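This briefing goes through one protein structure, from its overall form down to single residues. Please look over the sequence and the model before reading the points below.

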Amino acid sequence: MTHYQSDLLRLLNDRGYIHQLTDAEALDSLASKSVIPGYIGFDVTADSLHVGNLVQIMLLRRLQQAGHKPIVLMGGGTTKVGDPSGKDEMRKLLDDDGIAANFAKIRDSFENFLTFGDGPTDAVMVNNNDWLGELEYIPFLRDIGRHFTINRMLTFDSVKLRLEREQPLTFLEFNYMILQAYDFLELSRQYGCQLQLGGSDQWGNIVNGIELGRRVDGAELFGVTTPLITKADGSKMGKSVDGAIWLNADRLSPYDYWQFWRNTDDRDVGKFMRLFTDIELDEIARLETLQGSEINEAKKILADAATAMAHGESAAADAARTAQQTFEQGAAGDDLPVFEVADSTISILDALVGIGFCASKGEAKRLVAGGGARIDAAQIKDSGHMIAVAGSDVKISAGKKKHGLLRNS
């Protein structure tokens, strides 16, 4: 077991965030005697981040908790290029207006996890378009591009995997790793940033930035990566059978967010508490040893803590109360999603799509055929079934975990 002297590396190590470190001894020494500005980059390809991004957001939170300065780097510039890491094909490129709209929405998510301000350990949010957008092509190639060899770039997984699968890799995407390395150089110059954090798939990009800073400015920079966070069943963290688990309440209700954590596999409870909550380690050690039905109480504690962090204490309490009313008391909770129905009747397929339980009528039809649709607890197996929505609310369910209300508008 590694013993670190700095609060930062002890905290990251004890909670399971460390996969790889560059020059651990020097970083540990630096972190124990000075405030380190550290950054993580986030592309703005959607108007909300999701649970797959959460371990990175929590890394910045831990950085701040240990007395250091988080820099949230929003990829207003690199989003125009596209990160090829883990992608089989080039993603759709957004225009400036789309990027700006996403940027504004995403900032709200970070306000719940970090303290922003002008103090030495207050978080700041910056946009790499501020410098990437000003670059001149020939000077950039001459001053920065000469530090990167094609031979080495071809060895990176993000490039190698795409080529091995014979999927096109555009010259635009190929430049991404150079731009990301340049981000580290600029952040080092402008903010004194000495640390880049990221997922294990970003290791090559982080090392590139460290080497670029050393070659161009003689800067001493460091990197930390997290392990790939998987669930006990081997699936990747951040996705459910129904798609991304969004952090913004307008993309996913606090109730559904609470339910995601409540449905954690028994084997993952301790790990997720360490990574995604501020629950004390001694308490986590106690909770993860619970067996049988008692582990459900630990899952509720996990769900309460994770939801409170993302949406506030009040939303977490409302979600927990709604879950209790819905599942334990058989009533319809106040916080269930509501679909306003204009007419007095609606088909079961339209209702399932309208409330967001199914993405299409085809998917809804399959759910009904499989016996997964219920109206007021009664199973509906006829895809042509019409629901009367007049007077009181009608409870609609998809499977055992999705519940909502149909309401006549």
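What does the accessible surface of the protein come to, and what percentage of it belongs to carbon and sulfur atoms? The accessible surface comes to about 19000 Å², and 48% of it belongs to carbon and sulfur atoms. The model is predicted, and the values here are computed from it.

**Overall form**

- The protein has 409 residues, and a compact globule with that number would have a radius of gyration near 22 Å. The value for the protein is 24 Å, which agrees.
- The C-alpha trace spans about 70 × 50 × 40 Å along its principal axes.
- There are 18 helices and 15 strands in the protein.
- Of the 409 residues, 49% count as buried.
- Take the contacts between residues at least 6 apart in sequence: 71% of them join residues at least 24 apart.

**Salt bridges**

- The structure holds 18 salt bridges.
- One of them joins the side chains of Lys 105 and Asp 250, at 2.7 Å from N to O. This pair links distant parts of the chain, 145 residues apart. Lys 105 is in helix H4 (residues 96-111), while Asp 250 is in the loop between strand E8 (243-244) and helix H12 (254-262).
- Lys 105 is partly exposed, with a relative accessible area of 26%. Asp 250 has a relative accessible area of 53% and is exposed, because the cut-off for exposed is over 50%.
- Asp 217 forms a salt bridge with Arg 189, and their closest N and O atoms are 2.7 Å apart. Asp 217 lies in helix H11 (residues 203-217) and Arg 189 in helix H10 (residues 176-191), so the pair ties together parts that are 28 residues apart in sequence.
- Asp 217 is partly exposed, at 38% relative accessible area, and Arg 189 is partly exposed, at 43%.
- The side chains of Asp 318 and Arg 321 meet in a salt bridge of 2.5 Å, N to O. Both residues lie in helix H16 (residues 313-328), 3 residues apart, which is about one turn of the helix.
- Asp 318 is partly exposed, with a relative accessible area of 26%, and Arg 321 is partly exposed, with 39%.
- Salt bridges that share partners join Asp 47, Lys 105, Asp 250 and Arg 251 into one network.

**A buried charge: Asp 28**

- Asp 28 is found in helix H2 (residues 24-33).
- Asp 28 is buried yet has no salt bridge. The nearest side chain of opposite charge is that of Arg 10, 6.5 Å away. A salt bridge needs the two atoms within 4 Å.
- Apart from neighbours within four places in sequence, Asp 28 is in contact with Tyr 4, Gln 5, Ser 6 and Leu 9.

**A buried strand residue: Ile 40**

- Ile 40 lies in strand E2 (residues 37-42) and counts as buried, at 3% relative accessibility.
- Ile 40 and Leu 60 are 20 residues apart in sequence, and their C-alpha atoms are 7.6 Å apart in space.
- Not counting residues up to four places away in sequence, Ile 40 touches Gln 56, Leu 59, Leu 60, Ile 71, Val 72, Leu 73 and Leu 197.

**Cysteines**

- The structure holds 0 disulfides.
- Cys 193 is buried, with a relative accessible area of 1%.
- Cys 358 is buried, with a relative accessible area of 5%.

Technical notes: Residues are numbered from 1 along each chain as its sequence is written. This is a predicted model: local features need pLDDT of at least 70, side-chain atom pairs count only at pLDDT 80 or more; totals for chains, interfaces and linings use all residues. Side-chain values use heavy atoms; hydrogens and water are left out. Helices (H or I, at least four residues) and strands (E, at least two) are DSSP runs, numbered from the N terminus. Buried means under 20% relative accessible area, exposed over 50%, partly exposed in between (1.4 Å probe, protein chains only). Lys and Arg count as positive and Asp and Glu as negative; His and the chain ends are not counted. Contact means heavy atoms within 4.5 Å. A disulfide is a pair of cysteine sulfur atoms within 2.5 Å. The radius of gyration is taken over C-alpha atoms; the globule rule is 2.2 Å times the number of residues to the power 0.38. Accessible areas come from the Shrake-Rupley method with a 1.4 Å probe; for residues, only the protein chains shown count as cover.
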